[in-house]
Amino acid sequence: MSENCAVPLCLPNNSKWDEQTGEYSRDEDQDRTSLYVIDAALERLRNVKGPVCVVSIAGPCRKGKSYILSKVFDQGEVFPLGHELDPETMGIWMWIVPEKFQDSSGQEFTVVLLDSEGIDAVSGEGSDDHCIFTLTILLASVLIYNSAGVPTRTDLDGLEYIMKLSQRIQIHSGGQTAGAVEGSADDQKIFHKTFPSFVWLLRDVVLALPKGCHNIKDYFLTRVFKTSSGSKTDKAKMVAESILSYFPGFDAFKLPPPSSDPDVVLNLNRDEVQDDINKSFLRGVDELKSSLRSKLAPKHSFNEGEFVTGEALATMVTSYVTALNTPGTVPNVQNAWDVFVSTKCTQAKAAATESYDKTMDSEMSGKLPCERDDVRKAQLTALDMALKLFEEETFGISSSNIEKYLNDLTAYMENGLNCWQERNTRLTKESCHQLLLGLKRQHLDPVLTQLRGKDGAQMSFAEIMACYSSIEQGFKSEAIGAEDVCAQVFLDFHPELQAEMEKHMEHLQQLKDFDENLAYEKEAKAQELEQRKRVEEEKARLEEERRMKEREMELLKAKQEEEKRRLEEQMRSAMEAQREQMQNMMRANMDELQRERQHVADQNKTMKDAMEGMQRSLNERNGQITNLQRQIQEIANRPPPPPPARKKKRCVVM
């Protein structure tokens with residue numbers, strides 16, 4: 001299959017496409033009853049990084065949709081073009097524009113072109129055509145409705161499927177039946193928040209505009225769409241109102257015929273006919289191209305401030321097609337997005353935890369037992385890599401939606417740190433205990449053996465204390481692992497030595513330089529060291545927890561700042577579109593519709609609610625960090641522990 005050609009995104013069940021050869025075929029004997037998604041197209045979408053802008057084209061068949069969609073984006077002949085009466089395009093075909101685009105705020109995005117089969121195609125079935133059109137609406141950021149000639153109000157009667165979109169699409173989660181959707185007035189009022197901009201492209205127009213019409217858009221608003229006080233069941237009126245109320249923006253363009261020569265029209269992409277193409281047609285294409293570029297922006301999700309990525313679009317296609325194929329069910333915008341968010345965040349968390357585990361295994365390989373700071377350094381490296389991966393994988397999803405998964409991820413990594421520290425503690429204890437036993441056998445046991453011998457009385461207590469010093473120095477120089485654990489093991493070794501020394505108490509007391517105070521001082525120093533190391537470790541542990549919280553907060557703050565920027569940009573664009581569309585309604589004499597749209601705009605508190613939610617989340621994390629800093633300061637200000645109480649009737653050497 002050539003990478004320079006479009007691929008089908010979805011096809012009717014009686015059509016086949018060979019991924020290897022790129023050949024498309026249709027079984028004329030099989031009834032067309034459903035749609036199916038092409039995996040190769042989904043894979044292409046999943047490979048698109050960052051947000052997408054979907055430009056779809058729809059309209060009657062055999063009107064040059066495939067050609068003009070490629071032409072305005074300078075993509076050559078990427079879509080299959082037909083030269084016969086039967087339509088060439090069935091289902092929806094997809095091409096991803098290699099060039100990257102940027103919106104007014106500098107956000108980079110990828111343009112995805114969707115070429116849909118003609119409405120009322122001879123080879124299609126009416127209800128199925130409407131499924132294709134519904135899917136096109138759901139996926140598009142900009143919809144180009146392509147038709148021939150100048151329409152009249154009578155022509156609007158044939159577009160009743162636009163009016164019936166309210167029965168075929170559900171915005172919020174809830175009931176799934178068509179009846180439930182039809183009665184959802186709230187959904188219809190916010191269609192414009194999720195629907196694409198509507199661009200009506202008129203082909204082969206040769207007539208001049210009537211007096212009083214400045215351009216073709218003005219003609220639509222004042223002649224084709226303009227309503228009167230006629231019957232409320234007027235189909236043309238309802239279609240016109242649907243176009244201006246369901247879609248966030250409306251525009252119109254006209255193109256003259258590319259040529260009067262049929263051979264030129266049939267071969268518009270060939271180099272040898274370029275000089276024969278109508279110059280006014282080429283100028284019109286350039287004007288359309290310029291206008292479309294100004295409308296391009298990343299596609300937003302159901303939730304304010306969230307982008308649709310290539311991967312998200314792939315998930316949404318699958319969800320929508322499944323709903324369209326299921327009797328009694330309609331596509332639900334919120335459900336489709338929620339499915340993607342849940343799936344994507346779960347996958348991102350799994351990938352981040354896997355990254356964390358691999359990094360920790362790599363960083364700690366062959367190093368245990370070691371100092372606790374070495375474990376913490378590895379933890380910070382693994383944490384940074386995992387959080388970066390999680391942030392990249394959840395691009396476009398709001399902080400409120402990722403927060404639960406982020407909390408789970410950080411809890412997993414905190415537990416991972418504890419497990420590594422516990423393992424390090426266990427290995428440190430084992431290593432230190434074996435070291436002390438070896439040092440005791442090397443330094444103390446020979447002296448005690450001599451003490452029990454015939455020359456024991458000639459020994460001095462200083463010799464025995466020198467053995468202790470040798471054990472202590474040997475332990476300090478050879479012990480490896482967590483310092484607080486080493487100190488604890490050294491202190492805990494005293495009772496074992498005490499039991500050993502009590503066996504020789506009679507011999508020790510006979511030594512002329514026996515000094516119980518000296519033995520006590522040794523024990524006190526060991527206990528003081530253990531307490532100091534324990535406090536240092538407690539402070540270091542809290543510092544580590546604070547750093548983890550700060551990194552988690554940095555990720556959320558960065559995401560929220562980006563989300564705030566997107567929300568502000570989206571709100572600005574939405575307000576401009578609202579003003580323009582209300583002006584369109586006023587031009588079309590749709591006063592009641594204009595008032596309804598203004599009311600919806602006035603009631604929109606989404607951005608304010610989102611901002612307040614972000615601030616609450618940040619305040620909560622700020623509180624956690626402040627609490628950790630307070631605990632660290634309390635430890636720093638804690639007075640040194642008193643020396644251990646001296647116990648009577650006990651000789652302690654170590």
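This is a predicted model: local features need pLDDT of at least 70, side-chain atom pairs count only at pLDDT 80 or more; totals for chains, interfaces and linings use all residues.

A search of the whole structure finds 23 aromatic pairs.

**Stop 1: a stacked pair.** Select Phe101 and Phe109. Their rings are stacked, with 6.0 Å centre to centre and 20° between the planes. The angle falls under the 30 degrees that stacking requires. Now check the surroundings of each ring. Phe101 is buried because its relative accessibility, 7%, is under the 20% cut-off. Phe109 is buried too, at 2% relative accessibility.

**Stop 2: a tilted pair.** Select Phe225 and Phe250 next. The ring centres are 5.1 Å apart and the planes meet at 55°, so this pair is tilted. Where do the two residues Phe225 and Phe250 lie? Phe225 is in the loop between helix H10 (216-224) and helix H11 (235-246), while Phe250 belongs to strand E10 (residues 250-254). The pair therefore ties together parts that are 25 residues apart in sequence. Colour by accessibility here. Phe225 has a relative accessible area of 0% and is buried. Phe250, at 2%, also counts as buried.

**Stop 3: a charge over a ring.** Finish at Lys404 and Tyr405. The charged end of Lys404 sits over the Tyr405 ring, 4.9 Å from the ring centre.

How values were computed. Residues are numbered from 1 along each chain as its sequence is written. Side-chain values use heavy atoms; hydrogens and water are left out. Rings of Phe, Tyr and Trp (its six-membered ring) pair if their centres lie within 6.5 Å; planes under 30 degrees apart count as stacked, over 60 as edge-to-face and the rest as tilted. Buried means under 20% relative accessible area, exposed over 50%, partly exposed in between (1.4 Å probe, protein chains only). Helices (H or I, at least four residues) and strands (E, at least two) are DSSP runs, numbered from the N terminus. A charge sits over a ring if NZ of Lys or CZ of Arg is within 6 Å of the ring centre and within 35 degrees of the ring normal.
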